Number of protein chains: 2
Amino acid sequence: MRILFIILFTVCSSTLLAQQATVSNKTNTGKYVLVIHGGAGTLNKSQFTPALEAKYKSGLDSALVVGNAILEKGGTALDAVEATVKVLENNPLFNAGKGAVFTNEGINELDAAIMDGKTLAAGSIAGVRTIKNPITAARAVMEKSEHVLLSGRGAEAFAAMQGIEIVDPSYFYTPERWKGLLRAKERDSIDQLKKASQTAYNDEIDEQRRKDKYGTVGAVALDTHGNLAAATSTGGMTNKKWGRIGDAPIIGSGTYANNKTVAISCTGWGEYFLRLVMAKSISDRMEFGGQSLTLASETLVMKELPALGGDGGLIAVDKNGNIALPFCTEGMYRGFIKKERQGAAVVKDILIFK
Amino acid sequence: MRILFIILFTVCSSTLLAQQATVSNKTNTGKYVLVIHGGAGTLNKSQFTPALEAKYKSGLDSALVVGNAILEKGGTALDAVEATVKVLENNPLFNAGKGAVFTNEGINELDAAIMDGKTLAAGSIAGVRTIKNPITAARAVMEKSEHVLLSGRGAEAFAAMQGIEIVDPSYFYTPERWKGLLRAKERDSIDQLKKASQTAYNDEIDEQRRKDKYGTVGAVALDTHGNLAAATSTGGMTNKKWGRIGDAPIIGSGTYANNKTVAISCTGWGEYFLRLVMAKSISDRMEFGGQSLTLASETLVMKELPALGGDGGLIAVDKNGNIALPFCTEGMYRGFIKKERQGAAVVKDILIFK
């Protein structure tokens, strides 16, 4: 029942090739990879019209184009993942920045993290309400503070001090996400009633609950200098309460990069990614267990994650440019750009379902 | 120049043995281990009087006695680490609960985490100001919410809803920690002046800054049923700003437990533990690299941590009951209780310096 959508954007690739031909950078290998995601588990194929599909793919493509422009000129993986995630944050289709889901209190609380595989430097912010591009604030934490993880109003004050764009919380309002919150609250009430009457759970409602539950954006890159970087940004879980923080801003769980192994950005039911310390587990299986990226990431995402009761997916690129995009949900918004060497064609794929 | 303090509490051990003799639990091995710490890197041997040393050791001993009473009766590792950390939280000598350091704004913001090695269930809270025993709130997050990490006022609301003891923020005031904040602020001002005039850093002041910077409490245990658990609690870094969160509440960094491998609780300069994903790195080196606990933990704490520029230590107990207590600072408040089998003597050590 699963249909494979593989779209090779040959027109776009040709354009990229034309750009690349004008650049001659002898200090680098010319090989680069960029992989992005726009969330997993929030999709329902039956409700997907061709128009909606095109809209999502166009959103992913815009991000890849921006990242490609940086990497193609010999820019850093770090710059590429930040810029790429920023594009996705600014797109209301995805659950990050503009388009973030609402908390139980009807506000938007954003989390983001970035990591540099070359130095293991990392920066994260959690629970911020007024930072237009959380990923840029996470990078400022990494580069301009002695800290790794800043939270809440304090993180906002730090970002403002760094001259990062602050917006009114109303900037993050979108009617779609507001409806999502109302749906989630309604389902919560139904759940309470069901629990009270001991009625069996209705699968359809359960599926809807999962659908509104999460969504994240992320990017990982290998640049022409052989450096890896990872970035993740999210509005978290619809209807979240109690200052809940998921895996996205947690180094080693939702976000990790290490030049020795791999760069990873996760999306899914955050609590399970936290308990598995997802990204670091994959990196360590590669570093200490001699596992391939495919084996390590498939074991975690397709076996260990569902075995615990969770679901989701991730994107990864290893130090050799191999990529993995496993997910155990119905779909995951995802895409990649890959160039094997100077003069080679740029290959681009953008996919949604399996 | 380093003096080894090893105190074998034979009197206490005999008492414990007497208690144990009255218990007959055929469902368990009789073997258990409990290791605790009260922080690393905050010590200065030259300023340590015998009276002060006795005070700290007595504080650590009180915690071990409580944990021992639970494990000795066949109680769970989870109950033991929670109860042990609670004793340390209630002791103003240690930087957790009562005795927590102050933030730059002159308030106390507490973090804690707990993890069950049997199920990989985990719970954490970050940045709370009114929860008397953060470790108990972390356990409630693990057992009574669908979440892993709750933060700020939301975490406090959750804890209150669970009937967990809430106190006025003034409960956490201690004159020693207030003085520590004033010292830290003064040093920050001196740093600013020095930076402005490009004067070289004064090592003595730098040492003082490190001294006030951190401190944590933690416990790890192997119970008689073969289960591991870890718990960590802290007030974080003196003079911390911007809602900074360290490694203590982060599963995989400051706290981790997995029955397949090891239970770990860290203490030190949190940012470096976050970047190294310290605890999970050690667990994975054991699981996938076939390394011993000693090799894995020494490599991380004595090599990788200082190589990045950080310092600190950790306590660990593996699934076979082996323990490790490495630290690359001047000292680490630490102690353990170990019983090899039913009828064996309970061995207890409490140490501060190398």
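Two strands pair if DSSP finds at least two bridges between them. Strands (E, at least two residues) and helices (H or I, at least four) are DSSP runs, numbered from the N terminus. By that rule, an open sheet of nine strands with mixed pairing runs E8(A)-E4(B)-E3(B)-E2(B)-E6(B)-E5(B)-E1(B)-E12(B)-E13(B). E8 of chain A and strand E13 (346-353) of chain B stand at the edges with a single partner strand each, so one side of each has no neighbour in the sheet.

This is a predicted model: local features need pLDDT of at least 70, side-chain atom pairs count only at pLDDT 80 or more, and totals for chains, interfaces and linings use all residues. Residues are numbered from 1 along each chain as its sequence is written, and chains are lettered from A and ligands numbered from 1 in the order in which they are written.

**Confidence**
- The model scores ipTM 0.90 and pTM 0.90.
- Chain A averages a pLDDT (the predictor's confidence in each residue, from 0 to 100) of 89.
- In chain A, 86% of the residues score at least 70.
- Residues 1-26 of chain A have a pLDDT below 50.
- Residues 198-204 of chain A also stay under 50.

**How the chains meet**
- 36 residues of chain A are in contact (C-beta atoms, placed from the backbone, within 7 Å) with 36 residues of chain B.
- Elements giving two or more residues to the chain A side include helix H5 (152-161) and helix H9 (278-289) of chain A.
- 100% of the interface residues of chain A are also interface residues in chain B, so the copies meet through the same surface.
- E5(A) pairs with strand E7 (residues 244-245) of chain B in the antiparallel sense, over two bridges.
- There, A:Leu149 has B:Ile245 as its bridge partner.

**Inside chain B**
- Strand E5 (residues 217-222) of chain B runs antiparallel to E6(B), joined by six bridges.
- B:Val220 has B:Ala230 as its bridge partner in E6(B).
- Nine of the eleven residues of helix H4 (residues 134-144) of chain B are buried (20 or more other C-beta atoms, placed from the backbone, within 10 Å of their own), so H4(B) is largely enclosed by the rest of the structure.
- Among the buried residues of H4(B) are B:Ile135, B:Arg139 and B:Met142.
- The buried residues of H4(B) pack against elements including helix H3 (77-89) and strand E2 (110-116) of chain B.

Terms used:
Two residues are in contact if their C-beta atoms, placed from the backbone, lie within 7 Å. A residue is buried if 20 or more other C-beta atoms lie within 10 Å of its own, exposed if 12 or fewer, and partly exposed in between; C-beta atoms are placed from the backbone.
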